[in-house]
Amino acid sequence: MARLVLVSNRVPIPKSRGAAAGGLAVALRDTLSPGTVWFGWSGRVMADAAKTPALVDARGVQYATIDLTAEDHRHFYSGFANSVLWPLLHFRLELLNFRREDYRGYLAVNEAFAEALAGILAPDDLVWIHDYHLIPLGKFLRKAGMRNRLGFFLHVPFVPASVLEALPVARDLLSDLCRYDVIGFQTKEHVHDFRDSAERILDARTSSGSVTTEGRVTRVFANPIGIDPPPFEKIARRAGASPEAKRLVDSLGGRALAIGVDRLDYSKGLPNRFEGIARLFGRYPEHLRKVSILQIAARSREEVDDYRQLRTELDRLAGNINGRFSDVDWTPLRYSTRAVGRATLAGYYRNARLAIVTPLRDGMNLVAKEFIAAQDERDPGVLILSRFAGAAEELKEALLVNPYDPDEIADAMHLGLLMPAEERRARHRILRSKVFRTTASAFFKHFLAALCMPEIATHGTRVDRVAL
Ligand code: ADP
Ligand code: G6P
């Protein structure tokens, strides 16, 4: 029977240290079935990095990981993936730091991944590759003689051709994408931008569901990622009254809680959010001493300069807000850069009256979905959501804001804090039904159905049955 082989740079190996922060690892981890293989980077940087995968079995899932050398890591991860593709795909051309040696390192690591993976692939395995770190992996697998069905899912946004063209190797990456049998994107807008780029830059022929280049057809579709809501709701119900949540609630002294939870990343719009908070207290003084904001921003990619600078900037902005507005017994903004355990987080969401989710761009944003799933339906909190998060394509009953406008964030916070229970419940009912429909398992099912469809078997072998 065909196995499913997931491939991603970041692999949440069970029992590895630290809470996993990052939508890809969290969403995929929550829906694994026995028999699946997950291949990727071990998270280790080693002088003599072994290229034969180390294997760990846990609950029927096999994790196969390889190490990176410091040089690989610098060029591939910190360099091309996170200083070129990440800013580019989040519309931040001013942060793009393209160096040819980084691109060469990116290709070399993708080729090494392909060689190591080829060694453990069976001919009928279905291969599902994830995210911007591994765009050329499909090409290298084909080069290594693999005829397996190959799928790719992009967790981050895709950009319009006019933005993509700033990347000196845009053409190569687009044509690497067209080596897959299937590509999934988070939203219809990303599919549209990909098709348009393929037409303009590669001269590809496209239809609403496919892109054809050099006689090869790649199926493209929107497949929004989600969470696994029932267990998360259950955890939140329990964790909402846990000693940890109680510590937080007691410390509020009856004040409302507003919460933000993000990786500490410039795509998350944290400086603007902090400015929005300052404007809330400046323009609506009735909220002074009535609400406490908890912003948890887990440190991320600290080896990249722009991330370190952002951290310094946020320390300063948080200090300014608290210096300006706090009182002897009230701190408006509680700011922590630590990752928090999943149950603790669920308990915090459950006790929050507001969630502030205002990325400047985001592929999807799972924090928004987690917040909804964690609410008490009788007295739910209000979600403030950036219109530039993929989640906004669906979660229209949230208070949608333009994250570039701090006054709009402040207005939405004001509205959310005053929103009557009836309106909160009405919005929540619809949001909840959407979060419970577009789940991680629906995401899995749709992608695999597309990957198994016989009429798109133009690149690889046919698949009859898959172990899922
Ligand atoms: P991204 O994938 O860009 O990090 P998402 O919102 O899609 O953004 O996913 C983030 C995931 O990481 C969520 O599951 C969230 O709960 C988790 N996460 C984010 N920040 C933290 C944190 N400070 N502590 C623990 N988990 C976090
Ligand atoms: C986003 C990306 C993932 C990545 C995660 C955490 O969700 O789409 O591919 O794994 O951020 O980032 P990191 O660099 O720590 O893997």
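A nitrogen atom of ligand 1 lies 2.8 Å from a polar backbone atom of Val340, a polar contact being a pair of N or O atoms within 3.5 Å (within protein, one must be able to donate a hydrogen and the other to accept it, and residues adjacent in sequence count only if both atoms are side-chain atoms). This is a predicted model, in which local features need pLDDT of at least 70 and side-chain atom pairs count only at pLDDT 80 or more, while totals for chains, interfaces and linings use all residues. Residues are numbered from 1 along each chain as its sequence is written, chains are lettered from A and ligands numbered from 1 in the order in which they are written, and side-chain values use heavy atoms, with hydrogens and water left out.

| Residue | Ligand | Distance |
|---|---|---|
| Arg263 | ligand 1 | 2.7 Å |
| Lys268 | ligand 1 | 2.8 Å |
| Arg10 | ligand 2 | 2.9 Å |
| Tyr77 | ligand 2 | 2.5 Å |
| Arg263 | ligand 2 | 3.4 Å |

Taken alone, ligand 1 exposes 560 Å², and the protein buries 94% of that; for ligand 2 on its own the accessible area is 380 Å², of which the protein covers 91%. Accessible areas come from the Shrake-Rupley method with a 1.4 Å probe, and for residues only the protein chains shown count as cover.

Around ligand 1 there are 21 residues, with Gly22, Gly23, Arg263, Lys268 and Glu370 coming nearest; a residue counts as near if one of its heavy atoms lies within 4 Å. By class, 12 of the shell residues are nonpolar, 3 polar and 6 charged. Here Ala, Val, Leu, Ile, Met, Phe, Trp, Tyr, Cys and Pro count as nonpolar, Asp, Glu, Lys and Arg as charged, and the others, Gly among them, as polar. Two or more residues of this shell come from each of α1 (23-29), β11 (256-263), β12 (291-298), α12 (342-350) and α13 (366-374). These elements are DSSP runs numbered from the N terminus, with helices (H or I) of at least four residues and strands (E) of at least two.

Ligand 2 is surrounded by 13 residues, the closest being Arg10, Tyr77, Asp131, His133 and Arg301. Its shell has 5 nonpolar, 4 polar and 4 charged residues. The elements giving two or more residues to the shell around ligand 2 are α1 and α2 (70-89).

The chain is assigned domain 1 (4-226 + 440-465) and domain 2 (229-435), with bounds from an automatic or database domain assignment. Each domain gives at least three residues to the shell around ligand 1. The C-alpha centres of the two domains lie 30 Å apart. In contact (heavy atoms within 4.5 Å) are 31 residues of domain 1 and 24 residues of domain 2. About 2100 Å² is buried between the domains, and carbon and sulfur atoms give 61% of this area. Buried area is the accessible area (1.4 Å probe) that two parts lose on being put together, summed over both. Trp86, Arg92 and Leu95 supply 22% of what domain 1 buries against domain 2, more than any other three residues.
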